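Please look through the structure below with its aromatic side chains in mind.

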Amino acid sequence: MKSLSIYFEGGGDKSAQRATLRQGMNAFLSSLKDQACAKRWQWKLVPCGGRSQTFAAFQNARNQASESEIVILLVDAEAPITASTRVEHLRLRIGDGWDLTGVPEDHIHLMAQAMEAWIVADPEALAKYYGQGFQRNALPKRANLEEEPKTDCADKLAKATEKTQKGEYHKIKHAGDLLGRISEQKVRAYCPHAEILFTKVCGLIETH
């Protein structure tokens, strides 16, 4: 049986926290899951916590994978993407220097510059989730949210949510719930590397 596994960054160190993030990511990627399941593929999402742990888990899974298994890596870009490929970005970025020799480009994907760019792409979902006190005008307004510096995106999201009953955005507490609520179409429209993720993984499922 063919299978598709996505090893992705985030979720913290506790199993309950990772389970919440997995559920949210599963909902956000539901169109890909449905496509895989329609072909009777196994579908697996693995939140791995920290960045280095994610890369190590991906390497281990890839080394043990059968020919019928596709293993995907999904991590934050952490910085503007100036390299010609995603593999090259992760090789050249200071702090990574990852050797991905032999890994197909379509198996490597980036949340650019971080997962928060996906989250702020859907202000309507954020407003509904946070409720009274949410300050939509504080959110980034770029047409391409991947051009928003990572720290600025995080700061603006914190500002937009700080006066709500749920409190200021917290990645561990809120990201899983929000991933399950945001619009795939809006994220793909405002985050080009999200569009790449959906398009390329869809292509992998269709052609294998």
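In this predicted model, there are 5 aromatic pairs. One of them joins phenylalanine 28 and tryptophan 118, whose ring centres are 5.0 Å apart. The angle between the two planes is 35 degrees, and the pair is classed as tilted. Phenylalanine 28 belongs to helix H1 (residues 15-28), while tryptophan 118 belongs to helix H5 (residues 115-120), so this contact ties together parts that lie 90 residues apart in sequence. Phenylalanine 28 and tryptophan 118 are both buried. Together with Phe198, Phe28 and Trp118 make up one aromatic cluster.

Tyrosine 130 and phenylalanine 134 form another aromatic pair. Their planes meet at 10 degrees with the ring centres 6.2 Å apart, so this pair counts as stacked; the cut-off for stacking is an angle under 30 degrees. Tyrosine 130 has a relative accessibility of 3% and is therefore buried. Phenylalanine 134, at 15%, is buried as well, because the limit for that class is under 20% relative accessible area.

A charge also meets a ring in this model: lysine 166 places its charged end over the ring of tyrosine 129, at 4.5 Å from the ring centre.

Is isoleucine 94 buried or exposed? Its relative accessible area is 78%, so isoleucine 94 counts as exposed. This residue is located in the loop that runs between helix H4 (86-92) and strand S4 (108-111). Histidine 107 is 13 residues from isoleucine 94 along the chain, and the C-alpha atoms of these two residues are 21 Å apart.

Conventions. Residues are numbered from 1 along each chain as its sequence is written. This is a predicted model: local features need pLDDT of at least 70, side-chain atom pairs count only at pLDDT 80 or more; totals for chains, interfaces and linings use all residues. Side-chain values use heavy atoms; hydrogens and water are left out. Rings of Phe, Tyr and Trp (its six-membered ring) pair if their centres lie within 6.5 Å; planes under 30 degrees apart count as stacked, over 60 as edge-to-face and the rest as tilted. Helices (H or I, at least four residues) and strands (E, at least two) are DSSP runs, numbered from the N terminus. Buried means under 20% relative accessible area, exposed over 50%, partly exposed in between (1.4 Å probe, protein chains only). A charge sits over a ring if NZ of Lys or CZ of Arg is within 6 Å of the ring centre and within 35 degrees of the ring normal.
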